[in-house]
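Here is my note on the model you asked me to look over. I have arranged it as numbered points so that each can be checked separately against the coordinates.

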Amino acid sequence: MASKEGLRISDVGTLKALAHPLRMKLFRALYLERVATASRLAELVDEAVSLVSYHLRKLAEHGLIEEAEPQSEDGRERWWQPASDGVSIHVEDFRDAPEKAAAHTAASRLFYEQRSELYLRHLDERPHWGPEWNSAAIDSEYLPRMTASELAELSRELDALIRKHNEQARARAAAGETEGRENVALHVYGFPFRP
């Protein structure tokens, strides 16, 4: 991976490249796989290899993914990896023009829909995960009354806490502690609303 730091997406072109339903699925799958071929990713997203290859090239054009060192002797295989350790998208980077704000909103809706689909699939599959995973899974809602600066502080603290646990889990996995390790989706939303 070229950069351990997350990539902050601040231009509409890159945002639109990622905010395509299949490309977002491919980006997520590649992030989990860390290094993969178009064939492997096509299996994961249940799409044709030629279509997956096209969309991988589009993600690469925008610096979201990059070619990786070959993992096999087959010179025909093209290996891919994320170009950074995740991406972030901030509303303040897209509010200076109506078309940028609209692109940000459309992307945010797509990301939410895909996260929602992932959670709904979990609910359908929950009986198959067993009691240990079902007890560990989180499904909570909190309704604090906060100021914008308090919410921003909470966001920073949650981000730091999640990053710490992610780094610890990756280090344990790299040290060989792979027993019982699964991919975990953690979605956190914090936003103002009025009843």
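The points below begin with the overall architecture and then turn to helix packing, individual residues, salt bridges and backbone geometry.

1. Overall architecture. This is a predicted model, and everything that follows should be read with that in mind. The protein chain has six helices and five strands, which, from the N terminus on, follow the order β-α-α-β-α-α-β-β-β-α-α. Along its principal axes the C-alpha trace spans about 60 × 50 × 30 Å. Of the 195 residues in the chain, 23% count as buried. Among contacts between residues at least 6 apart in sequence, 65% join residues at least 24 apart.

2. Packing of helix 3 against helix 4. Helix 3 (residues 38-45) and helix 4 (residues 49-61) pack with their axes 9 Å apart and at an angle of about 110°. Because angles of 65 to 115 degrees count as roughly perpendicular, helix 3 is to be described as roughly perpendicular to helix 4. On the side of helix 3 the contact is made by Ala38, Ser39, Leu41, Ala42 and Val45, and on the side of helix 4 by Val49, Val52, Ser53 and Leu56.

3. Arg23 lies in helix 2 (residues 21-33), and Arg23 is buried yet has no salt bridge.

4. Gln114 belongs to helix 5 (residues 98-136) and, at 6% relative accessibility, counts as buried. The side chain of Gln114 reaches the backbone oxygen of Pro21 at 2.8 Å. When residues up to four places away in sequence are not counted, Gln114 touches Pro21, Met24, Lys25 and Arg28.

5. Salt bridges. Side chains of opposite charge can pair when their charged atoms come close, and the structure holds eleven salt bridges. Among them is the pair of Arg40 and Glu33, whose closest N and O atoms are 3.2 Å apart; Arg40 is partly exposed, with a relative accessible area of 32%, and Glu33 is likewise partly exposed, with a value of 31%. Arg8, Glu92 and Asp93 are linked to one another in a network of salt bridges.

6. Salt bridges between distant parts of the chain. Glu67 and Arg78 meet through their side chains in a salt bridge of 3.0 Å, N to O. This pair links distant parts of the chain, eleven residues apart, with Glu67 in strand 3 (residues 65-67) and Arg78 in the loop between strand 3 and strand 4 (79-82). Glu67 counts as partly exposed at 47% relative accessibility, as does Arg78 at 38%. Asp85 forms another salt bridge, with Arg170, in which the closest N and O atoms are 2.9 Å apart. Here too the pair links distant parts of the chain, 85 residues apart, with Asp85 in the loop between strand 4 and strand 5 (87-89) and Arg170 in helix 6 (residues 148-174). Is Asp85 buried or exposed? At 19% relative accessibility, Asp85 counts as buried, and because buried means under 20% relative accessible area, I would apply that label to Asp85 with the cut-off in view. Arg170, by contrast, is partly exposed, with a relative accessible area of 29%.

7. Positive phi values. Arg34, in the loop between helix 2 and strand 2 (36-37), has a positive phi near 75° and counts as partly exposed at 22% relative accessibility. Asp46, in the loop between helix 3 and helix 4, has a positive phi near 55° and is exposed, with a relative accessible area of 68%.

Notes: Residues numbered from 1 in each chain as written. Predicted model: local features only at pLDDT ≥ 70, side-chain atom pairs only at ≥ 80, totals over all residues. Heavy atoms only, no water. Helix = DSSP H or I, 4+ residues; strand = E, 2+ residues; numbered from the N terminus. Buried < 20%, exposed > 50% of the residue type's maximum accessible area, 1.4 Å probe, protein only. Lys, Arg positive; Asp, Glu negative; His and termini not counted. Salt bridge = Lys/Arg side-chain N within 4 Å of Asp/Glu carboxyl O. Axes fitted to C-alpha atoms, helices over the stretch in contact; angles between N-to-C directions. Parallel < 35°, antiparallel > 145°, perpendicular 65-115°, else oblique. Contact = heavy atoms within 4.5 Å. Polar contact = N/O pair within 3.5 Å; in protein donor to acceptor, adjacent residues only side chain to side chain.
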